[in-house]
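Here's a quick walk through one protein chain, with the side chains and their surroundings in mind. Have the viewer open as you read.

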Amino acid sequence: MIATTMVLLLVLLGLSIPVGAALGVLGLILDPLYSMLPLTRAIGEVSWSTSNEFLLVAIPLFIMLGEILLRSGLAEKMYGAMSLWLSWLPGGLMHANIGASALFAATSGSSVATAATVGTVAIPQIQKKGYNESLFLGSLAAGGTLGILIPPSINLVIYGVLTNTSVPKLYLAGIIPGLGLAALFMLSIAIACIIKPKWGGEKIQATWGQRIASLVHLIPPMFIFLLVVGSIYAGLATPTEAAALGVVGALILAACVKRLTFTMLKEALEGTMKATAMIMLIVVGAAFLNFIMSATGLTTAITSTITGLGVSPGWMLVILVVFYLVLGCFMETLSMMITTIPIVAPIMMALGYDPIWLGIVIIVLVEAALITPPVGLNLFVVQSLRKTGSMNDVMIGSFPFVIMMMVLIVLLAAFPGIALWLPTVFG
């Protein structure tokens with residue numbers, strides 16, 4: 001049963017069927033094969049109960065927040081400010097790529113939006129300043145992944161829904177690992193550019209007066225972060241309500257810079273609807289597949305097979321890391337989360353792993369999937385922003401950052417407090 005399911009899934013994905021549809025079709029195939037009852041009759045109830053989850057309303061709101069900030073021009077000014085403060089480091093603007101991505105991630109829960117926003121502003125600087133193109137592009141793809149770890153994060157919301165874990169605690173748990181991963185990315189850039197100084201491009205000269213004056217451009221993203229995350233921990237709003245507050249705040253900022261036009265709103269709404277439709281199709285398709293798997297006993301069979309191996313918790317964590325790294329080469333990240341977490345999380349929790357800590361580890365592994373070929377979404381996003389060049393440039397440039405993600409996994413395993421300290425203190 002397990003082997004048949006995996007082969008069918010790989011075949012459907014190999015046929016280039018959209019992931020959400022492939023998951024639903026797999027459920028339709030498994031039903032007559034392994035069930036005595038017509039489980040497909042429950043598809044309406046499963047679809048409604050899944051999409052009726054209040055917490056999921058935060059997803060289109062966070063997407064719209066990112067769309068508004070992307071089209072308001074605030075990201076370009078934010079990048080300019082970060083370049084003045086960080087360009088003195090070995091690697092110059094590549095550090096600004098990471099810093100701006102981390103800051104934009106704190107206002108938008110989407111890795112794709114983060115990579116697209118910062119990449120649009122940064123890529124023209126490659127030729128102007130003489131940077132190593134591959135490493136520069138890799139820093140953009142990797143920086144974009146911070147969008148799903150640093151709160152607010154759409155993926156953490158989905159993990160919370162799937163595992164019935166507190167989203168506010170997950171947001172707290174993501175702050176230190178998110179900032180730590182950004183620091184590790186910057187460390188890898190600095191090391192590479194110390195070894196190969198020519199990779200670092202032309203230095204940007206800036207006075208302290210210019211740097212201090214540029215701080216005004218960092219206020220908008222910090223305002224959004226405090227509005228969204230601050231309202232949650234002040235007890236004033238749920239994550240969904242906080243997302244709505246963030247949208248209102250983004251509209252106010254867009255109006256302040258005179259970018260709030262009917263055309264801009266129309267484009268933001270269109271982008272939001274397209275992204276939300278894609279995400280919800282995957283959510284509903286995966287929910288139906290998980291229902292079929294549970295009803296036919298496939299989930300129990302997988303769990304029994306894994307627990308029956310008698311593997312220690314430590315080795316199970318190693319298996320989990322390898323599993324997600326391999327799977328991330330073939331599946332889109334969101335569908336990978338929704339399909340695997342209902343199976344993986346109970347097994348890991350039964351072995352004694354904290355659900356909040358586990359959530360952060362899985363998100364880091366999902367981040368790695370965003371920049372590993374051949375399906376790494378951020379690789380395609382960054383490549384699409386270029387006018388010329390091969391996808392291989394982005395893939396090669398992303399490799400050092402995947403290594404740094406694995407370093408973070410090791411640190412999280414050795415020091416769980418990296419993720420659990422803030423939830424313990426403020427939870």
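Which backbone oxygen lies 2.6 Å from a polar atom of the side chain of Ser-214? That oxygen belongs to Arg-211. Bear in mind that this is a predicted model, so a distance like that one is computed from predicted coordinates.

Among the elements, helix 11 (residues 167-195) comes out with the highest mean pLDDT, at 93. Helix 16 (residues 298-307) sits at the other end, with the lowest mean of 72.

Ser-214 sits in helix 12, which covers residues 208-214. Is Ser-214 buried or exposed? It's buried: its relative accessible area is 6%, and the cut-off for buried is under 20%. Setting aside neighbours within four places in sequence, Ser-214 is in contact with Ala-81, Leu-84 and Trp-85.

**The nonpolar core.** The largest core holds 143 residues, and Phe-136, Leu-146 and Phe-185 touch the most other members. Helix 19 (residues 355-370) supplies the largest share of this core, with 13 residues. In soluble globular proteins, nonpolar side chains tend to be buried together.

Not counting residues up to four places away in sequence, Phe-185 touches Ile-98, Ala-142, Gly-143, Thr-145, Leu-146, Phe-401, Met-404 and Met-405.

**Ring pairs.** There are 5 aromatic pairs in the structure. One of them joins Phe-185 and Phe-401: the ring centres are 5.3 Å apart and the planes meet at 90 degrees, so the pair is edge-to-face. This pair links distant parts of the chain, with Phe-185 in helix 11 and Phe-401 in helix 21 (residues 391-414), 216 residues apart. Phe-323 and Tyr-324 make another edge-to-face pair, 5.4 Å centre to centre with 75 degrees between the planes.

| Residue | Relative accessibility | Class |
|---|---|---|
| Phe-185 | 0% | buried |
| Phe-401 | 0% | buried |
| Phe-323 | 35% | partly exposed |
| Tyr-324 | 0% | buried |

**And the cysteines?** How many disulfides does the structure hold? The count is 0. Cys-193 is buried at 5% relative accessibility, whereas Cys-256 is exposed, with a relative accessible area of 60%.

Definitions and conventions:
Residues are numbered from 1 along each chain as its sequence is written. This is a predicted model: local features need pLDDT of at least 70, side-chain atom pairs count only at pLDDT 80 or more; totals for chains, interfaces and linings use all residues. Side-chain values use heavy atoms; hydrogens and water are left out. pLDDT is the predictor's confidence in each residue, from 0 to 100. Helices (H or I, at least four residues) and strands (E, at least two) are DSSP runs, numbered from the N terminus. Buried means under 20% relative accessible area, exposed over 50%, partly exposed in between (1.4 Å probe, protein chains only). A polar contact is a pair of N or O atoms within 3.5 Å; within protein, one must be able to donate a hydrogen and the other to accept it, and residues adjacent in sequence count only if both atoms are side-chain atoms. Contact means heavy atoms within 4.5 Å. A nonpolar core is a set of buried Ala, Val, Leu, Ile, Met, Phe, Trp, Tyr and Cys residues joined through side-chain atoms within 4.5 Å. A disulfide is a pair of cysteine sulfur atoms within 2.5 Å. Rings of Phe, Tyr and Trp (its six-membered ring) pair if their centres lie within 6.5 Å; planes under 30 degrees apart count as stacked, over 60 as edge-to-face and the rest as tilted.
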